[in-house]
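I opened this notebook page to look up the aromatic rings and how they pair.

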Amino acid sequence: MQSPPATYACMPHPVLEAGSLSVRAVQKTEIEAIRQWRNAQIDVLRQAEPITPEQQEAYFATHIWPQFSKARPDTILVSYREEDRLIGYGGLVHVAWAHRRAEVSFLLDPVHIGDDKVVARYFSAFLGLMKRLAFADLGLNRLCTETYAIRPNYVAMLEENRFRREGVLRQHVWIDGQPVDSILHGCLAENGEHPGNG
């Protein structure tokens, strides 16, 4: 009999669902796929070089797995699934419990990049699940994001999902030899922006 998936002690609902889509704590069996996705999309991440399998395992062993047992982890990484298929990952990072805020992280399997309708569906549903996790389950007050300006579709989707544009970090990063702005968004719990658990 297979052991149940590992989960974060702080998550009252180990699995959050939106129709056929769901999130749960990231699992050891998923980190190699995540590594490959990150390396394939390095230009949109805060990642300078490709990650090796050994680096990926060491990172999770040092920084992620120990967070599972904490009442107030500073990182909550979840795998994103459609039925039984892994389609992405992300979560809440840089969680500041004293200030009740976190940053949303999201990365989709690159096989879906290029189909704007599919990306919009997956990203919008993921944002809804993160609002539910942050606001309803964890009692946080604020979520924020940082998006490079080379991703205008993601900027538009954030704003469609009630993330307000809060500023621009001009020429904040260099991508393919060109300076690129970073666009900052925020979403507050007080605006009634999270769905219930149903």
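Entry on confidence. I am working from a predicted model, and I noted an average pLDDT of 89 for the protein chain, with 90% of the residues scoring at least 70. I then looked over residues 194-198, where the pLDDT is below 50, although this stretch has 14 contacts in the model beyond near neighbours in sequence.

Entry on ring pairs. I looked up the aromatic pairs and found ten of them. I looked at Y80 and Y122, which form an edge-to-face pair at 6.3 Å centre to centre, with 80° between the planes. I placed Y80 in strand β3 (residues 76-82) and Y122 in helix α3 (residues 116-137), so this pair ties together parts that are 42 residues apart in sequence. Both Y80 and Y122 are buried.

I turned to F106 and F126, whose ring centres are 4.8 Å apart and whose planes stand at 45°, so I logged the pair as tilted. F106 belongs to strand β5 (residues 101-108) and F126 to helix α3, so the pair joins parts that are 20 residues apart in sequence. I checked burial as well: F106 has 10% relative accessibility and counts as buried, and F126, at 0%, also counts as buried.

Entry on the cluster. I followed the ring pairs and found that they link Y80, F106, Y122, F123, F126 and Y154 into a cluster. I also noted that the charged end of R151 sits over the ring of Y154, 3.9 Å from its centre.

Technical notes:
Residues numbered from 1 in each chain as written. Predicted model: local features only at pLDDT ≥ 70, side-chain atom pairs only at ≥ 80, totals over all residues. Heavy atoms only, no water. pLDDT = per-residue confidence, 0-100. Contact = heavy atoms within 4.5 Å. Phe/Tyr/Trp six-rings, centres within 6.5 Å; stacked < 30°, edge-to-face > 60°. Helix = DSSP H or I, 4+ residues; strand = E, 2+ residues; numbered from the N terminus. Buried < 20%, exposed > 50% of the residue type's maximum accessible area, 1.4 Å probe, protein only. Lys NZ or Arg CZ within 6 Å of the ring centre and 35° of its normal.
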